[in-house]
Amino acid sequence: MARNDEHPAVAVSAHPAQFEARKSTHSTPGARELSFDVHGTPTPQGTKKAFARTNKATGKTSVSLVESAGDRLKEWREEVKVAAMVAKVEAEIPRFDGPVCVDVTFFLPRPKGHYGTGRNAGLLKDWAPLVPVTKPDGDKLLRAVCDALTSASVYLDDSQIVEHRSRKRFADDRAPGARILVFEGNIFV
């Protein structure tokens, strides 16, 4: 997997020859797929909160929506968007117009408290979990990625996603980020 010189946060593995060599994860032979890695800290899609305000002079009420995740979410979504756009160009894959499946593995940084100190520095404590079982929620992580894929024109709209899978893992042997696979079709095998 090569790093992209223009975008150091992007590792691309989206070449058609690699797709053919890779074991297919779906049942539609010859279906297009886009696979790429994103480096950065996965950030969940925040919860939108509505605030109603009434103008005292006119009596009209307006509603403002505020995203709770803020700048970290914007940065993560931009990293996913850029990685997806680079992968699409390098793989020469146009936008998916039909049903798609999305498979994402999130690699989260392991908390420092999971490691020993002193002579045990760098060793996992016995009680440290093998997989992340705390926040962020997997479904909110997936929502942020799917929205970024829409803005990168991987597909026209989230409504095209007919099936999705996501999993959370610790980034013990790699950089934090995500491995993303999008393919046309309507079923995982």
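Which strand contains Arg169? Arg169 is found in strand β7, which covers residues 161–170.

## Basis of the model

This is a predicted model, in which local features need pLDDT of at least 70 and side-chain atom pairs count only at pLDDT 80 or more, while totals for chains, interfaces and linings use all residues. Residues are numbered from 1 along each chain as its sequence is written, and side-chain values use heavy atoms, with hydrogens and water left out.

## Overall organisation

The protein chain has three helices and eight strands. In sequence order the pattern is β-β-α-β-β-β-α-β-α-β-β.

Of the 189 residues of the protein chain, 39% count as buried. Buried denotes under 20% relative accessible area, exposed denotes over 50%, and partly exposed lies in between (1.4 Å probe, protein chains only). A contact is defined by heavy atoms within 4.5 Å. Among contacts in the protein chain between residues at least 6 apart in sequence, 76% join residues at least 24 apart.

## The largest nonpolar core

A nonpolar core is a set of buried Ala, Val, Leu, Ile, Met, Phe, Trp, Tyr and Cys residues joined through side-chain atoms within 4.5 Å. The largest such core has 30 residues, of which Phe36, Val102, Leu149, Val154, Tyr155, Ile180 and Val182 touch the most other members. Two or more residues each come from β3 (33–39), α2 (71–91), β6 (100–108), α3 (138–151) and β8 (177–184).

The surroundings of Val154 illustrate the packing. With neighbours within four places in sequence left aside, Val154 is in contact with Leu34, Ala84, Lys88, Arg95, Phe96, Leu149 and Val182.

The expected span of a helix is 1.5 Å times one less than its number of residues. Buried residues of α2 are Leu73, Trp76, Val80, Val82, Ala83, Ala84, Val86, Ala87, Lys88 and Ala91.

Helix α3 has 14 residues and reaches 20 Å from its first C-alpha to its last, close to the 20 Å expected. In α3, the buried residues are Gly138, Leu141, Leu142, Ala144, Val145, Cys146, Ala148 and Leu149. The elements that cover them include β3, α2, β6, β7 and β8.

## Backbone features in the loops

Most residues other than glycine have a negative phi, and most peptide bonds are trans. Glu92 has a positive phi of about 55 degrees although it is not a glycine. This residue comes just after α2, in the loop between α2 and β6. Glu92 counts as exposed, at 70% relative accessibility.

Ser153, also a residue other than glycine, has a positive phi near 60 degrees. Ser153 lies in the loop between α3 and β7 and is partly exposed at 35% relative accessibility. A cis peptide bond, with omega near 10 degrees, runs from Lys135 to Pro136. Pro136 lies in the loop between β6 and α3.

## Surroundings of Arg169

What is the relative accessibility of Arg169? The value is 36%, so Arg169 counts as partly exposed. The C-alpha atoms of Arg169 and Phe106 are separated by 6.0 Å, although the two residues are 63 residues apart along the chain. Not counting residues up to four places away in sequence, Arg169 touches Thr105, Phe106, Phe107, Leu108, Val131 and Pro132.

## Side-chain pairs and cysteines

A charge sits over a ring if NZ of Lys or CZ of Arg is within 6 Å of the ring centre and within 35 degrees of the ring normal. Arg110 lies over the face of Phe170, at 3.9 Å from the ring centre. The charged end of Arg174 sits over the ring of Phe107, 3.9 Å from its centre.

The count of disulfides, pairs of cysteine sulfur atoms within 2.5 Å, is zero. Cys101 is buried with a relative accessible area of 0%, and Cys146 is buried with a relative accessible area of 7%.

Technical notes
Helix = DSSP H or I, 4+ residues; strand = E, 2+ residues; numbered from the N terminus.
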